[in-house]
Amino acid sequence: MPRHDMDFDLLISGGTVVTESESVITDIGIRDGRVAALGSFQRSSARSHIKAAGLVAMPGGIDVHVHMSLPFGGTVSSDDFGSGSRAAALGGTTTMIDFASQIPETSLCDAIHARKREADRQVCIDYALHLIINDVADRWLRELPETLALGVSTFKAFTAYPNEGLMLSQLELRELMTRVAQYGAQVDVHAEDGLTIEANRQRFVELGQTSMAFHPRSRPATTESEAIRDVLATAHQTGCRVHIHHLSTAEGLSNIEAATDISVSAETCPQYLLLDASLYNTPKAALFAASPPLREPQDSEALWKGLRSGSISMVATDHCPFTFSQKTAGDKAFTEVPNGMPGIETRIPLMFSEAVVKRGFSLPLFAQIVSTNPARRFGMYPQKGTIKPGSDADLVLLDPKAHKQIEHTKLHMNCDWSPYEGMEVTGWPITTILRGEILCQEGEWIPANPKGRFIPRKVG
Ligand SMILES: [Zn+2]
């Protein structure tokens, strides 16, 4: 029996509404930027209306690992908060987590405020920040309660990049985890063995072995899996929650699966699921420079299994685009090519096509991987990551039957190539809604001004 006692700003009717727990055909009533009710409602109960019959209505995508305007290797990643977040929305993502970075001799809170100012001018979707910690001196770590109060509740550590001032030693990581654990907060880790990798790079350069084929050989699978093993041991000793960024290897996954006595989560990325290291032996090899590097097909298969079983709970992108010329200008040694690839706009369509359509993942599992699990693990649930009364009305309407070929010219990231160029996908996001406001429809951008907001996060 249709109800008409409701007064909605927006009604989305007849779509297949997918959450982490179910997939049902129902209407979504939205009021004041939030989901007000699910059920069967009359068209007259709302000021505006979208017919969603035949479409999948899912919680907006959440990408927990992106780098806008990141300085790297003498250049800067080519998307800023404006272009990157707009492309994100056009690809079905409504919340992203970027990084503030500790600045030498500067308060942690000042670093967060500076990054927020940079984002707030332009950002078109909601965003949050992790904080990269590279100096664990007490005078900085005593600011942790203040950063938590600002809504920054995850702290990123690197076990790689010793020459860039990013790497923490095992002892420093232990100090960070001990302190972060006191608040029940989480350390996120880029887990690669930086010292071994640096020694490999130097050796290859001395031998004149500088082609891209030596990039993956300088960062073999053991440099990830052994770093993960050590990080998990430190998490065990300190009782700290830990998240492993961009998991790329079967061995690394085994180590995570064996760590049953700690709170650990892991993300992988579309590039590790869909591409492999054979690309480093092609003329376009430099485009695919990333850390960790692309791996072997058997690693990808292991990651797919981990996603299905839940031992990998989410897919993020590590979106860090560099243009064709940034990647390939000159005859660069592999050590000189900036690491990173574009991906924020293609994550949802690629994962829908590959996970749901090709591999038969259920729609709720898909929603968990791209939205709910990131929201839960990173302290944003149930404001984000689900479709329930009271949740932010962040929604994506996806046409599950749309066929498209990935072409960089039809994408919106500030990048003139795509790692997935020419790939055929089934399913494409056609409408993206942020807190009840339509951001884009059929590839058309609607708002005149950026609408994104900073989302303070709880301790997950
Ligand atoms: Zn990253």
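His 246 is buried, because 22 other C-beta atoms lie within 10 Å (buried: 20 or more other C-beta atoms within 10 Å of the residue's own; exposed: 12 or fewer; partly exposed: in between; C-beta atoms placed from the backbone). The model is predicted, with local features requiring pLDDT of at least 70 and side-chain atom pairs counted only at pLDDT 80 or more, while totals for chains, interfaces and linings use all residues. Residues are numbered from 1 along each chain as its sequence is written.

His 246 is located in the loop between strand 13 (241-244) and helix 9 (250-258); helices (H or I, at least four residues) and strands (E, at least two) are DSSP runs numbered from the N terminus. With neighbours within four places in sequence left aside, the contacts of His 246 are His 65, Glu 267, Thr 268, Cys 269, Pro 292 and Asp 318, a contact being a pair of residues whose C-beta atoms, placed from the backbone, lie within 7 Å. Arg 117 is 129 residues from His 246 along the chain, and the C-alpha atoms of the two are separated by 27 Å.

The domain assignment gives domain 1 (8-58 + 385-403 + 425-443) and domain 2 (60-377), with bounds from an automatic or database domain assignment. The domain centres, taken over C-alpha atoms, are separated by 30 Å. Domain 1 contributes 24 residues to the contact and domain 2 contributes 27 residues. On the side of domain 1 that touches domain 2, the elements giving two or more residues are strand 5 (56-59), strand 16 (395-405), strand 17 (424-434) and strand 18 (437-441). Strand 17 gives the most to this side, with 7 residues.

The largest nonpolar core has 137 residues, and Ala 57, Leu 176 and Phe 366 have the most contacts inside it (nonpolar core: buried Ala, Val, Leu, Ile, Met, Phe, Trp, Tyr and Cys residues joined through C-beta atoms within 7 Å). This core lies between domain 1 and domain 2 because both give residues to it. Beyond residues up to four places away in sequence, Phe 366 touches Met 351, Phe 352, Ala 355, Val 356 and Phe 361.

Helix 5 (residues 170-181) and helix 8 (residues 221-238) pack at about 40 degrees, with axes 9 Å apart; axes are lines fitted to C-alpha atoms, for helices over the stretch in contact, and angles run from 0 to 180 degrees between N-to-C directions. Helix 5 is therefore oblique to helix 8 (under 35 degrees: roughly parallel; over 145: roughly antiparallel; 65 to 115: roughly perpendicular; the rest: oblique). Residues of helix 5 that meet helix 8 include Leu 173 and Met 177, and those on the helix 8 side include Val 231 and Ala 235.

How values were computed. Two residues are in contact if their C-beta atoms, placed from the backbone, lie within 7 Å.
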